[in-house]
Amino acid sequence: MTPTATTTRTAPSAAFRFLPCLGFDVVFARSNGSGGGAIAEEDRHWPRRIRRDVQAALSCWRWPYVTADAALLASELVTNALEHGCGDVGVRLYFTADSVRIEVRDGSYETPEPRTADPWDEDGRGLRIVEELATDWGVSRDGTTTWCSLDWHPLIPTP
């Protein structure tokens, strides 16, 4: 039997689909104040919310060795999407044979580039964190989606 997706309205402008054994897909509308290097107060909860969703999903699916890193990576990519993107933000988490993949769509055609932050800078480290923690990462050809993957721990059987 093939699992079916369930769509639940989790906020006035958010949709969450939980796909058992496959992953999840979240799409939410940013408020007007996010983008152009800033995150509106109404959107500040999204990175934390996505981090908790990733932790819950990977704990449920018994992927303990990547849970903390995947949650951090997802929240960093969502933060970047809110600060620098436009339109709705989409977050997709799914499994391949040997890894978990996180994709964040931000609606911007501008390709994100890692920056070098000075020690006193409050931001500018997100993609550097992604570079360090992820097994692999990249940006879609059109620039709208940033993705990263983490390999499954080789000592644990895959779910």
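Author: Buried means under 20% relative accessible area, exposed over 50%, and partly exposed in between, with a 1.4 Å probe and protein chains only. This is a predicted model in which local features need pLDDT of at least 70 and side-chain atom pairs count only at pLDDT 80 or more, while totals for chains, interfaces and linings use all residues. Residues are numbered from 1 along each chain as its sequence is written, and side-chain values use heavy atoms, with hydrogens and water left out.

Reader: Is D53 buried or exposed?

Author: The relative accessible area of D53 is 17%. Because that value is under the 20% limit, D53 counts as buried.

Reader: With which residue does D53 form a salt bridge?

Author: A salt bridge requires a side-chain nitrogen of Lys or Arg within 4 Å of a carboxyl oxygen of Asp or Glu. The closest N and O atoms are 3.5 Å apart, and the partner is R49.

Reader: Which residue forms a salt bridge with E131?

Author: Both partners lie in helix α3 (residues 126-133), three residues apart. E131 is partly exposed at 31% relative accessibility, and the N to O distance of 2.9 Å belongs to its pairing with R128.

Reader: How many disulfides does a search of the whole structure find?

Author: A disulfide here is a pair of cysteine sulfur atoms within 2.5 Å. C148 is buried at 1% relative accessibility, whereas C86 is partly exposed at 40%. For the whole structure, the number of disulfides found is zero.

How values were computed: Helices (H or I, at least four residues) and strands (E, at least two) are DSSP runs, numbered from the N terminus.
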